[in-house]
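Please work through the exercises below with the sequence and the structure at hand. Each task is followed by a solution in steps.

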Amino acid sequence: MSDPLRVVSWNIRFGVEVDAAVDELVRVDELVHPDLLLLQEMDEDGSERIASALGARFVYWSVAAHRKSDRPFGNAIVSPWPITEWAAVELPHVAPVSGHPRAAVRARLRIHERDVVAYSVHTETAALRLARRIDQFQRIADDVRDQGLANVIVGGDFNTVTARGVSALVGVFASSGLDRAGATAGGSFRRAGRTISLDHLFVAGFETSNAGVVSSTAASDHLPLWAELRMLDR
């Protein structure tokens with residue numbers, strides 16, 4: 001069995017506090033030297049700055065600028081491992097008020113002599129009714145099946161503000177053989193005294209040896225979610 005991989009998923013609000021994020025990524029024990037960093041709400045420049053600070057490669061995709069920030073609003077995958085190909089995965093439905101579309105980014109990486117497919121995902125907020133957000137979950141699950149790989153990592157902000165939303169997400173991904181990594185890691189978002197599990201990691205072909213959230217951050221309103229994963233023997 002290979003050494004564990006460190007995976008981090010982090011929504012950095014509007015991609016603004018990049019310097020603060022870099023500081024925490026190189027200083028906080030649970031975040032340093034990630035094998036895979038999945039970022040949301042980023043622009044390309046911020047993604048490149050983080051990748052450069054980590055000595056890593058990156059891929060990035062944005063569909064449009066966010067109406068509140070007027071900045072590109074997209075997802076990135078950052079890794080020191082070779083990225084052999086990548087693509088955008090367009091999600092069905094748009095934001096009910098702004099009409100903003102969503103897309104995930106998918107990359108194939110070569111890790112410990114195996115192909116691994118990774119996704120950085122940011123689905124629509126709860127302003128879109130759950131049935132339509134489930135369509136977005138299903139689009140990712142279908143794409144996972146289409147890739148036909150044994151080793152898969154999916155992470156990001158799924159805007160699951162209720163237990164019902166989390167249950168729906170877990171059920172959809174289970175249909176594609178994905179297990180929730182670090183289900184007991186704790187909530188990643190705090191508002192009005194509540195801690196909510198908006199951010200999640202799902203895997204196939206790995207076992208989770210440890211997981212958690214970093215309890216405070218200066219870079220975002222989301223807490224970074226991390227996990228240590230061991231690749232299963234063939």
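The exercises that follow concern a predicted model.

**Exercise 1. Classify the aromatic pair formed by Phe 14 and Phe 73, and locate both residues.**

Step 1. A pair of aromatic rings is described by the distance of the centres and the angle of the planes. A search of the whole structure finds 6 aromatic pairs. For Phe 14 and Phe 73, the centres are 6.3 Å apart and the planes make an angle of 55 degrees.

Step 2. Planes under 30 degrees apart count as stacked, those over 60 as edge-to-face, and the rest as tilted. The pair of Phe 14 and Phe 73 is therefore tilted, with 55 degrees between the planes.

Step 3. Phe 14 lies in the loop between β1 (5-11) and α1 (18-27), whereas Phe 73 belongs to strand β4 (residues 72-79). The two are 59 residues apart, and the pair links distant parts of the chain.

Step 4. Both Phe 14 and Phe 73 are buried. For Phe 14, the relative accessible area is 15%. The backbone of Phe 14 deserves a remark as well: its phi is near 55 degrees, a positive value in a residue other than glycine.

**Exercise 2. Determine on how many degrees of arc the buried residues of helix α2 lie, and what covers them.**

Step 1. In helix α2 (residues 44-54), the residues Gly 46, Ser 47, Ile 50 and Ala 51 are buried.

Step 2. Around the helix axis these residues cover an arc of only 135 degrees, so they are on the same side of α2.

Step 3. The elements covering the buried residues of α2 include α1, β2 (36-42), β3 and β4. Turning to α1, its buried residues are Val 18, Ala 20, Ala 21, Val 22, Glu 24 and Leu 25. Among the elements that cover them are β1, β2 and α2.

**Exercise 3. Examine the salt bridges Arg 27 with Asp 23, Arg 49 with Asp 45, and Arg 102 with Glu 124.**

Step 1. Side chains of opposite charge can pair when their charged atoms come close. In the whole structure, 10 salt bridges are found.

Step 2. Arg 27 and Asp 23 meet at 3.0 Å, N to O. They are 4 residues apart in helix α1, which means a separation of about one helical turn.

Step 3. For Arg 49 and Asp 45, the closest N and O atoms are 3.9 Å apart. These residues are also 4 residues apart, in helix α2, and so about one helical turn separates them. Arg 49 is partly exposed at 37% relative accessible area, and Asp 45 is partly exposed at 45%.

Step 4. Arg 102 and Glu 124 meet at 3.1 Å, N to O. Arg 102 lies in the loop between β5 and β6, while Glu 124 lies in the loop between β7 and α3 (130-147), 22 residues apart. Arg 102 is buried, since its relative accessibility is 8%. Glu 124 is buried too, with a relative accessible area of 5%.

Step 5. Through salt bridges that share partners, Asp 19, Asp 45 and Arg 49 are joined into one network.

**Exercise 4. Is His 100 buried or exposed, and which residues does it touch?**

Step 1. His 100 is located in the loop between β5 (83-90) and β6 (103-111).

Step 2. With a relative accessible area of 11%, His 100 is buried.

Step 3. Not counting residues up to four places away in sequence, His 100 touches Ala 64, Ala 65, His 66, Phe 73, Val 94, Ala 95 and Glu 124.

Conventions:
Residues numbered from 1 in each chain as written. Predicted model: local features only at pLDDT ≥ 70, side-chain atom pairs only at ≥ 80, totals over all residues. Heavy atoms only, no water. Phe/Tyr/Trp six-rings, centres within 6.5 Å; stacked < 30°, edge-to-face > 60°. Buried < 20%, exposed > 50% of the residue type's maximum accessible area, 1.4 Å probe, protein only. Arc of directions from axis to C-beta. Contact = heavy atoms within 4.5 Å. Salt bridge = Lys/Arg side-chain N within 4 Å of Asp/Glu carboxyl O.
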